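Thanks for coming, everyone. I'll keep this brisk. Please look at the structure first.

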Amino acid sequence: MPPLPNEARNSDLAYQAEVLQGVSRTFALTIPELPDPLRAVVGNAYLLCRITDTIEDDPALSAGQKQKLWRRFVDVLANRDDPRDFARELGRMLSASTTASEHDLVANTPRVVRITNGFSAAQRGALERCVRHMAHGMQEFQRLDTSAGLASLMQLERYCYFVAGVVGEMLTELFCDYSVEMNDRRGELLPLAVSFGQGLQMTNILKDVWEDRRRGACWLPREVFRETGFDLSFLRPGQNHPGFARGLAEIVAIARQHLADGMRYIELVPTRETGIRRHCLWALGMAVLTLRRVHATPMFKSGRDVKISRRSVSAVIAVTSLLGRSNVALRQVFGTLTRGLPLPRASRSGEPERKSFDAG
């Protein structure tokens with residue numbers, strides 16, 4: 001595909017920045033902090049993942065329809081399918097449960113993909129692999145009945161890998177392509193990136209547990225809650241059961257451990273790369289504050305009950321902007337913020353084993 005004229009590409013990039021505000025305020029906040037050569041590609045990567053997520057989230061789509069749409073979207077990114085035809089088909093099938101911003105994003109898939117096609121081969125490869133692996137994993141979990149939770153903690157970790165760990169891998173590939181110094185640390189960064197992504201996703205699962213439940217899904221592991229004396233089949237908002245609170249604390253502890261890996265990831269980012277560090281630190285800080293609210297309010301009934309305030313977001317931005325170059329200071333802040341959060345049972349006698357997953 002020939003490159004777009006500058007005017008057309010600038011128009012598409014302006015649309016990309018605008019639609020990011022509608023589909024994710026968090027990423028619309030953090031992406032502009034990245035160095036200029038990374039902003040467009042990371043913003044584009046998020047929109048590609050958002051389209052993939054939109055297919056998963058719409059309750060009107062059957063498992064078979066979702067699988068077909070995911071395969072088509074992978075083909076679109078590989079230039080084996082027409083993005084206009086894909087956008088029309090998906091747009092017709094989406095229900096009112098999908099937000100207006102997501103409907104708009106899907107309708108403008110051709111513009112998003114035109115931007116993708118303008119990146120380097122290495123950047124396009126990282127984006128295509130991420131979406132392919134994400135779609136592969138989502139297909140696997142669409143075949144399961146998740147109304148009463150996932151079977152095991154391993155299954156939860158695997159789900160979090162496919163929807164967020166692969167994003168950590170993709171971002172690391174982009175960062176390493178940009179920075180020679182980060183590329184030299186690729187072997188250390190990649191496993192930590194997966195864990196970081198899993199921690200962010202587990203935090204979202206905890207925050208959104210009741211919204212997911214209303215959609216007929218539950219991503220909590222039955223294995224963990226069975227051990228604490230609670231059957232997820234009886235899950236209800238405002239659950240006042242000590243076994244549920246203990247199970248929730250176990251997941252908070254595991255998410256905390258993943259976010260500690262996220263802190264180690266950030267420490268490996270060169271201190272002069274302040275934009276990359278801020279991009280990661282803001283996501284980490286907001287996740288830790290959300291975990292604190294979930295742990296303090298186990299009987300919450302909605303994600304709104306544990307959503308952090310704008311004042312808290314501003315505090316994260318201010319503290320990390322001030323201390324972002326000092327690993328020692330950041331470790332101290334992380335330790336202070338996570339004090340009082342439970343530790344995973346496996347880590348009380350040593351470091352828990354890290355698991356890897358075949359993305360297929």
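Ground rules first. This is a predicted model, where local features need pLDDT of at least 70, side-chain atom pairs count only at pLDDT 80 or more, and totals for chains, interfaces and linings use all residues. Residues are numbered from 1 along each chain as its sequence is written, and side-chain values use heavy atoms, with hydrogens and water left out.

Start with helices α3 and α6. Helices here are DSSP runs of H or I with at least four residues, strands are runs of E with at least two, and both are numbered from the N terminus. Helix α3 covers residues 36-57, and helix α6 covers residues 100-107. They pack at an angle of about 110°, and their axes are 10 Å apart. An axis is a line fitted to C-alpha atoms, for helices over the stretch in contact, and angles run from 0 to 180 degrees between N-to-C directions. So α3 and α6 are roughly perpendicular to each other. On that scale, under 35 degrees is roughly parallel, over 145 roughly antiparallel, 65 to 115 roughly perpendicular, and the rest oblique.

Which residues meet there? From α3, Leu47, Arg50, Ile51 and Thr54; from α6, Glu102, Leu105 and Val106. Contact means heavy atoms within 4.5 Å. By class, this contact has four nonpolar, one polar and two charged residues. Nonpolar covers Ala, Val, Leu, Ile, Met, Phe, Trp, Tyr, Cys and Pro; charged covers Asp, Glu, Lys and Arg; the others, Gly among them, are polar.

Leu94 sits in the loop between α5 and α6. Buried or exposed? Leu94 counts as buried, at 8% relative accessibility. The cut-offs: buried is under 20% relative accessible area, exposed is over 50%, and partly exposed is in between, with a 1.4 Å probe and protein chains only. Leaving out residues up to four places away in sequence, Leu94 touches Thr54, Asp58, Leu61, His103 and Val106. Leu94 and Thr54 are 40 residues apart along the chain, and their C-alpha atoms are separated by 8.7 Å.

Now the aromatics. Rings of Phe, Tyr and Trp (its six-membered ring) pair if their centres lie within 6.5 Å; planes under 30 degrees apart are stacked, over 60 edge-to-face, the rest tilted. By this rule the count comes to nine aromatic pairs. Take Phe73 and Phe86: their ring centres are 5.1 Å apart and their planes at 15°, so the pair is stacked. Phe73 lies in helix α4 and Phe86 in helix α5, so the pair ties together parts that are 13 residues apart in sequence. Both Phe73 and Phe86 are buried. Elsewhere, Trp210, Phe225, Phe230 and Phe244 form one aromatic cluster.

Between α4 (63-77) and α5 (83-93) there is a loop, and Asn79 is in it. Most residues other than glycine have a negative phi. Asn79 is not a glycine, yet its phi is positive, about 60°. Asn79 is partly exposed, with a relative accessible area of 49%.

Ala28 is in helix α2, residues 25-30. Its relative accessible area is 11%, so Ala28 is buried. Beyond four places in sequence, Ala28 touches Leu20 and Gln21. Thr290 is in helix α15, residues 274-296. Thr290 counts as buried at 8% relative accessibility.
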